[in-house]
Amino acid sequence: MKFVSIIMGSKSDYEVVSECAKILKDFGVAYEMIISSAHRSPKRTAEYVANAEKKGAQVFVCAAGMAAHLAGAVAANTTKPVIGIPMGGGALNGLDALYSTVQMPGGMPVATMSIAKAGAKNAAYFALQILALSDEKLAEKLIEYRKDATKKIENDSKEIEVLL
């Protein structure tokens with residue numbers, strides 16, 4: 001069974017990361033979600049990635065704050081796509097997490113989203129786009145979603161438009 005693996009560094013990330021899970025669920029895409037830390041449980045993280053791959057994980061979404069090494073630790077243990085969500089908070093309000101996630105060495109890519117909820121949502125949509133490369137029905141759902149989003153903007157504008 002193909003699915004998306006969502007890993008967060010701590011339980012405090014759940015509220016933000018759940019935005020990713022909601023979108024995957026809305027599109028009918030299976031996912032697993034766990035808490036595992038690059039620093040506090042590195043062995044658990046590596047073992048989970050290996051087992052998730054065996055079970056059918058196609059994309060890994062990793063959310064972490066501050067030093068934010070989770071996405072990198074996962075990327076070091078898989079050749080599947082890894083998407084990083086830098087979490088807000090900490091002394092630098094997420095900027096440290098952004099830098100830690102985006103500054104991967106050559107040959108160890110992590111697709112890095114924006115900080116916090118927008119990043120969690122975009123991680124889901126990016127994972128869907130990756131899966132849609134080999135799933136025509138999912139690709140059609142994404143196209144319909146974009147059409148609906150366009151219509152919503154147009155309808156919202158009509159409610160407030162003032163044109164000369």
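At what angle do α5 and helix α6 (residues 136-160) pack, and how far apart are their axes? The angle is about 140 degrees, and the axes are 8 Å apart. This is a predicted model, where local features need pLDDT of at least 70 and side-chain atom pairs count only at pLDDT 80 or more, while totals for chains, interfaces and linings use all residues. Residues are numbered from 1 along each chain as its sequence is written, and side-chain values use heavy atoms, with hydrogens and water left out.

**Helix packing**

- Helices here are DSSP runs (H or I, at least four residues) and strands are E runs of at least two, numbered from the N terminus; axes are lines fitted to C-alpha atoms, for helices over the stretch in contact, and angles run from 0 to 180 degrees between N-to-C directions.
- α5 and α6 are therefore oblique to each other; under 35 degrees counts as roughly parallel, over 145 as roughly antiparallel, 65 to 115 as roughly perpendicular, and the rest as oblique.
- In contact (heavy atoms within 4.5 Å), Tyr125, Leu128, Gln129, Leu131 and Ala132 of α5 meet Leu138, Ala139, Leu142, Tyr145 and Arg146 of α6.
- Sorted by class, that contact has eight nonpolar, one polar and one charged residues; Ala, Val, Leu, Ile, Met, Phe, Trp, Tyr, Cys and Pro count as nonpolar, Asp, Glu, Lys and Arg as charged, and the others, Gly among them, as polar.
- Helix α1 (residues 14-26) also packs with α5 (residues 117-132), at about 30 degrees and with axes 8 Å apart, so α1 and α5 are roughly parallel.
- Residues making the α1 and α5 contact include Val16, Cys20 and Ile23 of α1, plus Ala120, Ala124 and Leu128 of α5; by class there are 10 nonpolar, no polar and four charged residues.

**Pockets and cavity**

- On a 1 Å grid over the protein atoms alone, a cavity is a set of points where a 1.4 Å probe fits but cannot get out, and a pocket is an open set with protein on both sides within 12 Å along at least five of seven lines; lining residues have an atom within 4 Å of a point.
- The largest pocket has a volume of about 330 Å³, and of its 20 lining residues, Ser10, Asp13, Ala64, Gly65 and Met66 lie nearest the centre.
- Volume means the space filled by probe spheres set on the points, with grid points joined across faces, edges and corners.
- About 250 Å³ lies in the second largest pocket, where α6 gives the most to the lining, with three residues.
- The whole structure has one cavity of 30 Å³ or more; the largest cavity holds about 40 Å³.
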